[in-house]
Amino acid sequence: MGTLDYVWMGIQAVFQGPELFSIFGVSISVTLIMILGGFLTGIAVGATPGLAGPIAMAIALPILISVFGYTPDALLPVMGFLIGVMKGATIGGAVPAILFNTPGTPDAYMTTLDGYPMTKRGKAAKALRVAHFSSASGDTFSDIVLIVCAPFLALLVEAYLDLPEKTALLILSLSFIAAAIGGSPAKGLLSTGLGLLIAFVGTGEDFYPRLSLGSPMLNQGFPIATSVLGVLIIGAVFKEMETLWRQRQSRDIASDIRIEGDQRLHWADIRRLLPYVGRSAVIGTAIGALPGIGSTLAATLGYTVGRSRHARTKTEGRPDFGEGAPEGIAATEAANSSVSGANLIPVLSLGIPGNAAAVFLILAAESIGGFNPGPSVFRFTADTVNPELVIAFGLFTAMMIANLLNWTIGGVFMRSMGVMVRIPKHILLPAVLLLTLTAIYVQETRMEAIWFALGFGVLGYFMRVLAISPLPFVIAFILGGNLEESARQAFAATGGDPWFLFTSPIAALFMLASVGVIVFTARKTKERS
Amino acid sequence: MTGFLKTGLAAIGMAVMATGAFAADWTPPGPIKLMIAFKAGGGADTQARLIAEELEAKMGWKFIPEQVTGKGGLNMAAALKDQPNDGTAIGMAVTETFGYNMAAANAGFTPEDFTGLTTTAGFQMGVVALSSKGWTSFDDMIAAAKGGEDIRFGVMSPKLADLAYLLGQAHGVEFNIVSVKGGKGVMNGVNAGDLDVGFMAGIQAKGVAAGDLVNLASALSEPLVQTPEAPTFADLGVEYNADGYFVFVGPAGMPDDARLALSQAITDIVSDDTSKAGGLIAKAFGGASTISGDNLTALMAGDYANAGQLMAAASE
Amino acid sequence: MAGKSSSNLILGLCILIFAAVLLGVWIPADVQTGLIEKVRRQVTVGDALAPTVAGLFLLLSGVLLVTVERQAEGQPRLDLRNLGFTAGMVALIFVSLIVMRWSGPLAVGIVNVLGDGDLEYRLLRDTAPWKFLGYFVGGTLMISGCVAMVEGRIRLRAVLVSALAVLTMIAIYDLPFDDLILPPNGDV
């Protein structure tokens, strides 16, 4: 089994999976249809203010699992759908940002700066075309980087990192996430610490379920779906509902959009946009590869870099950034879209999720079983087939198919999504709440899970009120078990060496970096205040 | 052990004849809750779900499968104990849950709080290493350990950790015993080189057949089906073993007709190689082992009673 | 800017208290093995170590909040009216879930009293229409209640839309999939 054999098997796994139907004798595999379905769903969801990719992923997951079952055959269709949603939501978010000055997803905020002015000048369709072109380019670039890098990184990890180094790497990721997200290291540490603590309730090696307060309800600990969906989605719903209540009446939305003059994207336009798209794609990919730093920062950075270039090179008479420059849309959209692919580099090669979409892919893999994202996936076995590796290449194939869909039908579908902004948010959000609770129940089948989720929703709400990012909480919760387990194993494997985190140079370096990253950001915050 | 199994099967046969009409009349009064003590998607979970699926198709009973994982099956046992005992709530775990784990946890319940239905398959528990390590026999590993090499021994339960410790003790070496989550975790660790050797309960079959992995010893009271030449724990001077089964149970005091109907229905499915569940069991565990009725009650009670000896031996 | 918010200080103090309770009381009392344990003559990591690390994260965060970040710019302010609204909404959801849990058994009880029957909800939880009752009533209450709270009034139209939304969810989850169970039917 060579590398190419695995690539080929991955492609086949997507195209020759269980057949759904056939056209003219060509059989269409169910995975292909799921990718398409996810992609279209994603565009629609992204284009709806108040909904975002993760919500659709959360609600779809239990339904998909019950359709496809708990078998490894389910992995590609289910994860293909989720990947489709992830990619669709990225371009969908730009639609209301450009048409109505309302970002559909948080990372599309910068798109409003130039998108809406273009709409006001009668260039709405052109703005959408620019957004689509840049987004699709950034996304495709990022995926290629992922496909090339993830296997090598995983092989490096397996070749050079032993149990103590793996433990130190987890600690480094956690402290990096704590320091990097949310702007304040104290709040990042708080979010991380809570996530870890919650992960440790009810678990552990001893037969007594620790920290369970003697209550049988906590014996099994907190199911991953309750804490992730509770903090990320229910918390967001509470906060949004509160905002709606404060505004009381929903804002009136300009109903007629003027379309004037040439709306096409010419080759000359593309040539002018490409430098911006290229720079932003590199920025977005680099940021995406670091766990925890989201697409919002990538969009901001891409936009800033683009603006300074534009100020230097623009010719007389063209609009500035902020006044309806297509280059501004390109810089933003290419940057935030190129995060999604690169974000899967730490997921697939290390098992460390970097953003909400990655969290849901891990959730899917955990729920279905048979695929454990991490370095062991990329074991190129010679005699036997490593099924996880086939799945990994199948996922890469699914991403490329989604990109192909994006380039072909994505633009047309995206431009028809302007209507989604009319959905009344204050009815949609409670419905999302009930759907999420139902999704949790269907997976856990006990009322306690719903109570937990509600509690985590309140926690997520308070985090948002107090400007604490909930993402470190979720990532720490997911990694907490791994961290403890690998520390335990490293300690036992080294024969009980209390300095196991410092005896090898690589592990010591990781530990030094984890302390350094916290100290560095704490000092920066201090200077600012 | 085979003799014991045969007696068990014969006993069921007679019991079936005696009360056959009785059992055939039983239908569950409502949907049956099936509590699975294993992580979703693993081999054990798949086995439970396939059995439920085929019972639904064959008997027309309705199953509601549910995951109740953690603490070596004790969480499931705790939840199942208080369920109604009319046959509408059953669970699947391993016999170790009702033996060693229940004894060690001191959780306030014993096997007497449950009604054993039937086992489905026995473990093919081997001590497994990568072939590329160059060890072809158990003695090679011991020689390596005596030569000063640290041996990391992967185990997936406290009972197995005790056994690994006793195994080392019997040969005058000290293993670094590493607890890992599940057989899959042991296999990944061994494959990645994080572990040198570890217990695997059937998951190693494919790798051993391909020559990537090697069964150095059988942790059972009898040789492994796949590698009969590997010594057993008794041969290696350890008087305890890792004999164990997947087992279906219900809460205590289940009426005889319900107990018999359920265990008979499950036995029929798993013993049939052409059924999906039976096929899976034949592939991974070398065929079904079904112990039920009084034999199962005795097996569970015996495991529970003997657990203390193993614990005492391992803490000496 | 009118007066700086001191929310970081208050939050920091709360976290410090929580971390102290966690490290000083909760972990020692509610974890049965220590930081490290000696089993089978091997020293291993006990169950208390990991929560202690989490507690240290919290402790450090509290210390940073009351020292370094005490004066940080742009600290959020808590608005009691907003919190009140959210508390009300959570209470409403809580009540809806209680209704969801008990409507079915209650209806069965009433039928038993009226018709002198001997039904048991547990055995009917896979039988329509019983199995939908709790979810439908509780779910409609939840959605229409939230909508009414935001709108500040109860409209029949909103209730009808909510009921329709719940029916759609039942159709999505229950009709096509035999083995998905709606709340609360896995508990009873």
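**Helix 6 of chain C**

I started with the exposed face of helix 6 of chain C: C:Leu156, C:Arg157, C:Leu160, C:Thr168 and C:Ala171 are exposed there. Helices (H or I, at least four residues) and strands (E, at least two) are DSSP runs, numbered from the N terminus.

This is a predicted model, where local features need pLDDT of at least 70, side-chain atom pairs count only at pLDDT 80 or more, and totals for chains, interfaces and linings use all residues. Residues are numbered from 1 along each chain as its sequence is written, while chains are lettered from A and ligands numbered from 1 in the order in which they are written.

Which residues of helix 6 of chain C are buried? I found C:Ala158, C:Ser162, C:Ala165, C:Val166, C:Met169 and C:Tyr173. They lie on the same side of helix 6 of chain C, because they cover an arc of only 95° around the axis. The arc is that of the directions from the helix axis to the C-beta atoms. An α-helix has 3.6 residues a turn, so residues three or four places apart point the same way.

What covers these buried residues? The cover includes helix 3 (53-68) and helix 17 (425-444) of chain A, and also helix 5 (130-151) of chain C.

Helix 6 of chain C has 18 residues (156-173), so at 1.5 Å a residue it should span 26 Å, and its end C-alpha atoms are 26 Å apart, in agreement. The expected span is 1.5 Å times one less than the number of residues.

**Chain C as a whole**

I listed six helices and two strands in chain C. From the N terminus on, their order is α-β-β-α-α-α-α-α. Chain C has a radius of gyration of 25 Å, whereas a compact globule of 188 residues would have one near 16 Å. That radius is taken over C-alpha atoms, and the globule rule is 2.2 Å times the number of residues to the power 0.38. The C-alpha trace of chain C spans about 65 × 65 × 35 Å along its principal axes. Of its 188 residues, 39% count as buried.

Chain C is divided into domain 1 (7-66) and domain 2 (80-173). Their centres, taken over C-alpha atoms, are 41 Å apart. The domain bounds come from an automatic or database domain assignment.

How many residues does each chain give to the contact of chain A with chain C? I read 55 from chain A and 60 from chain C. Two residues are in contact if their C-beta atoms, placed from the backbone, lie within 7 Å. The chain A side divides into 34 nonpolar, eleven polar and ten charged residues. Ala, Val, Leu, Ile, Met, Phe, Trp, Tyr, Cys and Pro count as nonpolar, Asp, Glu, Lys and Arg as charged, and the others, Gly among them, as polar.

The contact of chain C with chain B takes eight residues from chain C and twelve from chain B. The chain C side has two nonpolar, two polar and four charged residues.

**Domains of chain B**

Last, I looked up chain B: domain 1 (2-123 + 244-314) and domain 2 (126-218) are assigned. Their centres are 29 Å apart. Their contact takes 13 residues from domain 1 and twelve from domain 2. On the domain 1 side, helix 11 of chain B gives the largest share, four residues.

Notes: A residue is buried if 20 or more other C-beta atoms lie within 10 Å of its own, exposed if 12 or fewer, and partly exposed in between; C-beta atoms are placed from the backbone.
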